Amino acid sequence: MPQPSAPRKTLGRPPRISREEVVTTARRIVDSEGVDRLTMRRLATEIGSTPMALYHHVRNKEELLVLLLDDYAARALHRPELPAQPRERIVVAAAAIHEALAACPWIVEVLTADDLMSASALWFVEQIVDGLVACGLTPERAIQGYRAIWYYTVGEIVVRATAARRRTDDDRPTYRERIFADLDPGELPRLAQAADHWAPLTAEDTYLDGLRAMVDGLLAAR
């Protein structure tokens, strides 16, 4: 007597994944292995899904990095006590962003992707824009002012972190140090005079000084 055939197995849809699961898994990869090892295929494998399923949440790796940046900001940014003077509110809010982002080990590869757009980060953006408006700028000029402050903040973090990593990876004199060691005082008198002090001076943390100078410049253009 013929045996009944086994029920045919059907391939169902892959399990649904959440954006939170995507971000959490991506963060685990970059924390342990670095941004370079994060790919859509690797992320899908870690989650147990397919790259196509990820595209319901993120369009590409760049957008994924923005989500990681926003996720980090939501966890690391802490609202400071704001001073009454609007000019100082701008400085305090921007400095809080700088402090939080500079502490993230993989931030350099992510910062150039886009702006901060998490809900928690927008509170800081609001304080900067509102402070600029309270100091007399139009809303349009205040937004442009915020962008200038953001670019300065990002640039400072990227340059400082990259320089620190280069010094850690290679203890030989840098190209700049070799150039400064042989400057012609006749052609470049100021630089030759400062050559011995250039490296330690440029290694100093002058972010706040530069930030205050930038805010003063933005307000002077009213």
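1. The UniProt record, in an unreviewed entry, places a feature named "DNA-binding region" at residues 39–58. In this predicted model, that stretch is 60% helix and 0% strand. Its end C-alpha atoms are 12 Å apart.

2. Histidine 57 is found in the loop between helix 3 (51–54) and helix 4 (61–76). Is this residue buried or exposed? Histidine 57 has a relative accessibility of 17% and therefore counts as buried, the cut-off being under 20%. A polar atom of the histidine 57 side chain lies 2.8 Å from the backbone oxygen of isoleucine 17. When residues up to four places away in sequence are not counted, histidine 57 touches Ile17, Ser18, Arg19, Val22 and Glu63.

3. The largest nonpolar core has 59 residues. At least three residues come from each of domain 1 (19–58) and domain 2 (77–220). Which residues have the most contacts inside this core? They are Leu38, Leu43, Leu101, Trp106, Ile107, Leu111 and Ile128.

4. With its neighbours within four places in sequence left aside, leucine 43 is in contact with Val22, Thr25, Ala26, Ile29, Leu38, Leu54 and Leu64. One of these partners, Val22, is also touched by histidine 57. Another, Leu38, is listed with leucine 43 among the residues with the most contacts inside the core.

5. The count of salt bridges comes to 12. One of them joins glutamate 156 and arginine 160, with an N to O distance of 2.7 Å. These two residues are separated by about one helical turn, because they are four residues apart in helix 8 (residues 139–169). Glutamate 156 counts as buried at 12% relative accessibility, whereas arginine 160 is partly exposed, with a relative accessible area of 29%. Elsewhere, salt bridges that share partners join Arg28, Glu33, Arg37, Arg42 and Glu46 into one network.

6. Glutamate 46 forms a salt bridge with arginine 42, and their closest N and O atoms are 3.1 Å apart. Both residues lie in helix 2 (residues 40–47), four residues apart, which is about one turn of the helix. Glutamate 46 is partly exposed at 36% relative accessibility, and arginine 42 is partly exposed with a relative accessible area of 21%. Glutamate 33 forms a salt bridge with arginine 37, the closest N and O atoms being 3.9 Å apart; the pair qualifies because the cut-off is within 4 Å. Glutamate 33 is partly exposed, with a relative accessible area of 36%.

Conventions:
Residues are numbered from 1 along each chain as its sequence is written. This is a predicted model: local features need pLDDT of at least 70, side-chain atom pairs count only at pLDDT 80 or more; totals for chains, interfaces and linings use all residues. Side-chain values use heavy atoms; hydrogens and water are left out. A nonpolar core is a set of buried Ala, Val, Leu, Ile, Met, Phe, Trp, Tyr and Cys residues joined through side-chain atoms within 4.5 Å. Buried means under 20% relative accessible area, exposed over 50%, partly exposed in between (1.4 Å probe, protein chains only). Domain bounds come from an automatic or database domain assignment. Contact means heavy atoms within 4.5 Å. A polar contact is a pair of N or O atoms within 3.5 Å; within protein, one must be able to donate a hydrogen and the other to accept it, and residues adjacent in sequence count only if both atoms are side-chain atoms. UniProt positions are given in the numbering used here, feature names are shortened, and annotations may be inferred rather than shown by experiment. A salt bridge is a side-chain nitrogen of Lys or Arg within 4 Å of a carboxyl oxygen of Asp or Glu.
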